[in-house]
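The sequence and the structure are shown here.

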Amino acid sequence: MKKIAIIVKDNEVSEYPGDLLIDDKVIKSNNLEFECQIHNINLVIGKYLPSGLIKKLRDRGITFLKINSLDDLKEINLDIILPSEFKNKRGWKCGKKGF
């Protein structure tokens, strides 16, 4: 089974730099290559990665999958568990005072 990391920011799929969602946990990432090596990642999912970084990951056998939103993950048959705060979004700024 492939080990997957999703680049996230504010509970949404993001471009790099961002945090990494690995095994239902969000971790801070300052060096994507290093985190992929430590956690034995095979697939990185996100909105955007610089081409130089994609090449470095590819040389290590890591694939980058570009998606635009978490909804796109539903169409892909991958075994990904999202934390509850990612699933229970009510919309942009809904429920915030002054909106």
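## Overall architecture

The secondary structure of the chain comprises four helices and six strands, where helices (H or I, at least four residues) and strands (E, at least two) are DSSP runs numbered from the N terminus. Along the sequence these elements follow the pattern β-β-β-β-α-β-α-β-α-α. The model is a predicted one, in which local features need pLDDT of at least 70 and side-chain atom pairs count only at pLDDT 80 or more, while totals for chains, interfaces and linings use all residues. Residues are numbered from 1 along each chain as its sequence is written, and side-chain values use heavy atoms, with hydrogens and water left out.

Of the 99 residues of the chain, 36% count as buried; buried means under 20% relative accessible area, exposed over 50%, and partly exposed in between (1.4 Å probe, protein chains only). The accessible surface comes to about 6900 Å², and 48% of it belongs to carbon and sulfur atoms; these areas come from the Shrake-Rupley method with a 1.4 Å probe, and for residues only the protein chains shown count as cover. Among contacts (heavy atoms within 4.5 Å) with a separation of 6 or more, 41% join residues 24 or more positions apart.

## Confidence

The mean pLDDT of the chain, that is, the predictor's confidence in each residue from 0 to 100, is 84, and 86% of the residues score at least 70. Confidence is highest in α2, at 95, and lowest in helix α4 (residues 84–87), at a mean of 70. Where pLDDT is low, the predicted coordinates should not be read in detail.

## Strand β1 and its partners

Five of the six residues of β1 are buried. Two strands are said to pair if DSSP finds at least two bridges between them. β1 pairs with β5 in the parallel sense over three bridges, and isoleucine 6 has isoleucine 45 of β5 as its bridge partner. With β3 the pairing is antiparallel, over four bridges, and isoleucine 7 stands opposite leucine 20 there. β1 also pairs with strand β2 (residues 12–13) in the antiparallel sense over two bridges, with glutamate 12 as the bridge partner of lysine 9. β1 and β2 form a hairpin with two residues between them, and aspartate 10 in the turn has a positive phi of about 55°.

Isoleucine 45, in strand β5, is buried, with a relative accessible area of 0%. Leaving aside neighbours within four places in sequence, the contacts of isoleucine 45 include Ile4, Ile7, Phe64, Ile67, Leu73 and Ile80. Isoleucine 67 is 22 residues from isoleucine 45 along the chain, and their C-alpha atoms are separated by 6.9 Å. Isoleucine 22, in strand β3, is likewise buried, at 5%. With the neighbours within four places again left aside, isoleucine 22 is in contact with Lys3, Ile4, Ala5, Ile27, His39 and Ile41.

## Helix α2 and its cover

Helix α2 (residues 51–59) has Leu53, Ile54 and Leu57 as its buried residues. Seen down the axis of α2, these residues fall within an arc of 105°, so they line one face of the helix; the arc is that of the directions from the helix axis to the C-beta atoms. The face turned away from the buried side carries the exposed residues Ser51, Arg58 and Asp59. What covers the buried residues of α2 includes α1 (32–38), β5 (43–46) and β6 (63–66). Just after α2, glycine 61 takes a positive phi of about 90°.

Glutamate 33 belongs to helix α1 and, at 19% relative accessibility, counts as buried. Beyond its neighbours within four places in sequence, glutamate 33 is in contact with Leu53, Lys56, Leu57 and Arg60.

## Nonpolar cores

A nonpolar core is a set of buried Ala, Val, Leu, Ile, Met, Phe, Trp, Tyr and Cys residues joined through side-chain atoms within 4.5 Å. The largest has 15 residues, and those with the most contacts inside it are Leu32, Cys36, Val44, Leu49 and Leu57. β1 (4–9), β3 (19–22), α1 and α2 each supply at least two residues of this core, and α2 gives the most, with three.

Leaving aside its neighbours within four places in sequence, leucine 32 is in contact with Tyr16, Leu20, Val44, Leu49, Leu53 and Leu57.
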